[in-house]
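Subject: Structure for you to look at

Dear colleague,

I am handing over the structure that we spoke about, and below it I have written down what was found in it. Please keep the two side by side while you read.

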Amino acid sequence: MSSLASVSVVPAVASVSMGNGSTTLAALKEGSRVVVHMLDADRTDLADAFAVPGADHFVGTEWIPSTEGAPQLSVPGPVLHGFVQAMTDTGSATLIAVTVDRIDIGNRRAPGLVRMARGWHEIPR
């Protein structure tokens, strides 16, 4: 995932963008259940592992099926649960609208992780 943005409050919709060569993107279709993790700042190792194009991101990573059946990592940060509402090919990437129907707030005291200017940065929550 290369971006995340809030699109709408009612209904709750977020957009994510994925490169068209993404193995995660290849597994998605409209209606697919998805989980979006807001990683804590101390999880740069996990963020780096998931950023490797074409890798099997779940090998060696602890995860469980969410209540709805989507892969959910065993990490304490906030988690958005939802389904793919729409997918739009924009050239080298696909913009995905995700209707969020559940949020696990997780550990709100830990700083979050964001990638900017080719590096990981800590942000307050």
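Please bear in mind throughout that this is a predicted model.

I begin with glutamate 68, which has a relative accessibility of 28% and therefore counts as partly exposed, since that term covers values between 20% and 50%. This residue forms a salt bridge with arginine 33, and the closest N and O atoms of the two are 3.9 Å apart. The bridge links distant parts of the chain, because a salt bridge asks only for a nitrogen and an oxygen within 4 Å: arginine 33 belongs to strand β3 (residues 33–37), while glutamate 68 sits in the loop between β4 (63–65) and β5 (71–73), 35 residues apart. Arginine 33 is partly exposed as well, with a relative accessible area of 26%.

Arginine 33 has a further partner, for its side chain also meets that of aspartate 101 in a salt bridge, with 2.8 Å from N to O. Since aspartate 101 lies in strand β7 (residues 93–104) and arginine 33 in strand β3, this pair ties together parts that are 68 residues apart in sequence. Aspartate 101, at 42% relative accessibility, again counts as partly exposed.

Another salt bridge joins the side chains of arginine 102 and aspartate 104, at 3.1 Å from N to O. Arginine 102 is partly exposed at 26% relative accessibility, and aspartate 104 is partly exposed with a relative accessible area of 26%. Through salt bridges that share partners, Arg33, Glu68, Asp101, Arg102 and Asp104 are joined into one network.

Now to the nonpolar residues. The largest nonpolar core has 12 residues in all, including Ala14, Met18, Leu28, Val36, Leu80 and Val100. Strands β2 (13–19), β3, β6 (79–89) and β7 each supply at least two residues of this core. Apart from this core lies another one, of six residues, among them Leu39, Leu46, Leu73 and Leu113.

With best wishes

Technical notes:
Residues are numbered from 1 along each chain as its sequence is written. This is a predicted model: local features need pLDDT of at least 70, side-chain atom pairs count only at pLDDT 80 or more; totals for chains, interfaces and linings use all residues. Side-chain values use heavy atoms; hydrogens and water are left out. Buried means under 20% relative accessible area, exposed over 50%, partly exposed in between (1.4 Å probe, protein chains only). A nonpolar core is a set of buried Ala, Val, Leu, Ile, Met, Phe, Trp, Tyr and Cys residues joined through side-chain atoms within 4.5 Å.
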